[in-house]
Amino acid sequence: MDDEQTLRSLLKRIISLEGFAVQEAGSLAEAERLLREDPADVVLCDVKLPDGSGVDFVVRARTAFPQVEILLLTAYGNLSDGIQAMKNGAFDYLLKGNDNDKVIPLLYRALEKGALQRRLRQLEERVGKQYRFESILGHSARLRESVALAARVAQTDTTVLLLGETGTGKEVFAQAIHQAGRRAMQPFVALNCSAFSSELLESELFGHRAGAFTGAVKDKKGLIEEAAKGTLFLDEIGEMPPDLQAKLLRVLEAREFIKVGDVRPTRADVRILAATNRDLRQQVEQGRFREDLYYRLAVFTIHLPALRERPEDIPELAEHFLRRFAAQVNARVTGMTPAFLDILRRQPWKGNIRELKNVMERAVILAEGSELKPDQLPFELREMPQAGESPLSLAEMEKQHIRRVLEITHHNKTRAADILGIGLTTLYRKLEEYQIVAG
């Protein structure tokens, strides 16, 4: 875009010889009309045009046509215009007449940047769709009530505490809250507080300075910094050691923290979402959780119902997992027999959605026909007591569930602990308690 016909013709010829389609405009108004009719990938724009400044045009164009990269053409004596244009969002600038040999390389670089940004937007859109509230499966009244609350609080920066048993989908809710809020385009960072020792958790969360401890050879950003302007999701918050609870409280109250080995505070612009399967009120009474931190976290609480509390959602969830795993293993499974579904409905699902997901994955792998049948379920599920029979004790159910998860994970204890939603140390303790022999 230039009001000098000779220069426009020269640039058009140079660019056309590379196989690009080129359009010309002698004014800003004409350029904007062409962009609305047939959006371009790159615009070459002069600084001075009959109806305005190319420097100002950069701002308008980046707002109206965000997919377009802009190269500014400036005279040698007006380098400040090129610099200002880049501050306004231009990709780069060229000196008129002197930089003709740089036009094509810059065009290719601008096109590469545009293509990368388009892929990034597509990825963000896919992630947004995956974690939007509409993707949370189930239509039971209990679930929809929780979803409605989450959707309301998503539009704010309020701290949210998600309460529910292991496997009820607390991280899915946290992701949906993030995606529906004003921080959606910023990072979402998740941390399981039960997965680290106290010392490692402090370093992971707050970061450290070089020399803070043995092995700290360089500065390290903590997850609070990694989540800057975005959302930090703290899962299993009830497992956080008391000394770190005090540091987290400072983040919530003063919006700052001190790295390990540092003396100066670092600002923290981050939204905190937390989750637990524990009774934090009880932990407060027992002196295991700070009361002031509890009230800061519980500004807005959302209870996620256990799967046994919404059995009407089981068929929909099972169908979803069936389709997902059938596609993954290229199985020709399209449905479930009534007997198979009846067994699913009668389960207590101590592991909730996570347990149902694992059971469905196993069943699809073992499927031999177009429908899932009871004999593709784990033995202990098929042996669940019928009405009138003596039910299993809670301890026996937990024991069988741990055995089932170990079987599904081929005795990978780290993965089993993750699926169960407990720490590896807790899993070993339960294996010893229930005298479970794991390979």
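What follows walks through the sheets, the packing around them, the salt bridges and a surface patch of this predicted model. Local features are reported only at pLDDT of at least 70 and side-chain atom pairs only at pLDDT 80 or more, while totals for chains, interfaces and linings use all residues. Numbering starts from 1 along each chain as its sequence is written, and side-chain values use heavy atoms, with hydrogens and water left out.

Helices (H or I, at least four residues) and strands (E, at least two) are DSSP runs, numbered from the N terminus, and two strands pair if DSSP finds at least two bridges between them. With that in hand, five strands form an open, parallel sheet in the order 7-10-13-6-14. Strand 7 (188–192) and strand 14 (300–303) are the edge strands, each pairing on one side only. Neighbouring strands of this sheet are turned by 20° against each other on average, direction ignored; axes here are lines fitted to C-alpha atoms, for helices over the stretch in contact, and angles run from 0 to 180 degrees between N-to-C directions. Inside the sheet, strand 6 (residues 160–163) runs parallel to strand 13 (residues 271–276), and four bridges join them. Leucine 163 sits opposite threonine 276 of strand 13.

Helix 6 (residues 141–154) lies across strands 6, 13 and 14, at about 155° to strand 14. Helix 7 (residues 170–180) touches strand 6, strand 7, strand 10 (231–235), strand 13 and strand 14, and its direction makes about 150° with that of strand 6. In the loop between helix 6 and strand 6 comes threonine 159. Threonine 159 is buried at a relative accessible area of 8%, where buried means under 20%, exposed over 50% and partly exposed in between (1.4 Å probe, protein chains only). Leaving aside residues up to four places away in sequence, threonine 159 touches Leu252, Ile272, Arg296, Leu297, Val299 and Phe300. Valine 217, by contrast, is 58 residues away from threonine 159 in sequence and 34 Å away in space, C-alpha to C-alpha.

A second open sheet has three strands in the order 1-4-5, again with parallel pairing. Strand 1 and strand 5 (92–95) are at its edges with a single partner strand each, so one side of each has no neighbour in the sheet. The twist here averages 25° from one strand to the next. Five bridges pair strand 1 with strand 4 (residues 69–74) in the parallel sense; among the facing residues, valine 43 has isoleucine 70 as its bridge partner and leucine 44 stands opposite leucine 71. In a regular strand, side chains alternate between the two faces of the sheet. In strand 1, Val42, Leu44 and Asp46 point one way, Val43 and Cys45 the other, and all are buried. Because five of the five residues of strand 1 (residues 42–46) are buried, this strand is largely enclosed by the rest of the structure.

On the electrostatic side, the structure holds 23 salt bridges, each a side-chain nitrogen of Lys or Arg within 4 Å of a carboxyl oxygen of Asp or Glu. One of them pairs glutamate 204 with lysine 220, the closest N and O atoms being 2.7 Å apart. This pair links helix 8 (residues 198–206) to strand 9 (residues 220–221), 16 residues apart. Glutamate 204 is partly exposed at 21% relative accessible area, as is lysine 220 at 28%. Aspartate 219 and arginine 209 also meet in a salt bridge (3.0 Å, N to O). Both lie in the loop between strand 8 (207–208) and strand 9, so the pair ties together parts 10 residues apart in sequence. A further bridge joins lysine 259 and glutamate 225 (2.7 Å, N to O). Lysine 259 lies in the loop between strand 11 (256–258) and strand 12 (265–267) and glutamate 225 in helix 9 (residues 223–226), so this contact ties parts 34 residues apart in sequence. Lysine 259 counts as buried, at 7% relative accessibility. Asp157, Arg182, Arg183 and Asp269, meanwhile, are linked in a salt-bridge network.

Finally, Val329, Ile365 and Leu366 make a nonpolar surface patch of about 260 Å². Patches take residues with over 30% relative accessible area and no salt bridge, joining like charges within 9 Å and nonpolar side chains (Val, Leu, Ile, Met, Phe, Trp, Tyr) within 5 Å; accessible areas come from the Shrake-Rupley method with a 1.4 Å probe, and for residues only the protein chains shown count as cover. Valine 329 belongs to helix 13 (residues 314–329) and is partly exposed, with a relative accessible area of 43%.

Terms used. Contact = heavy atoms within 4.5 Å.
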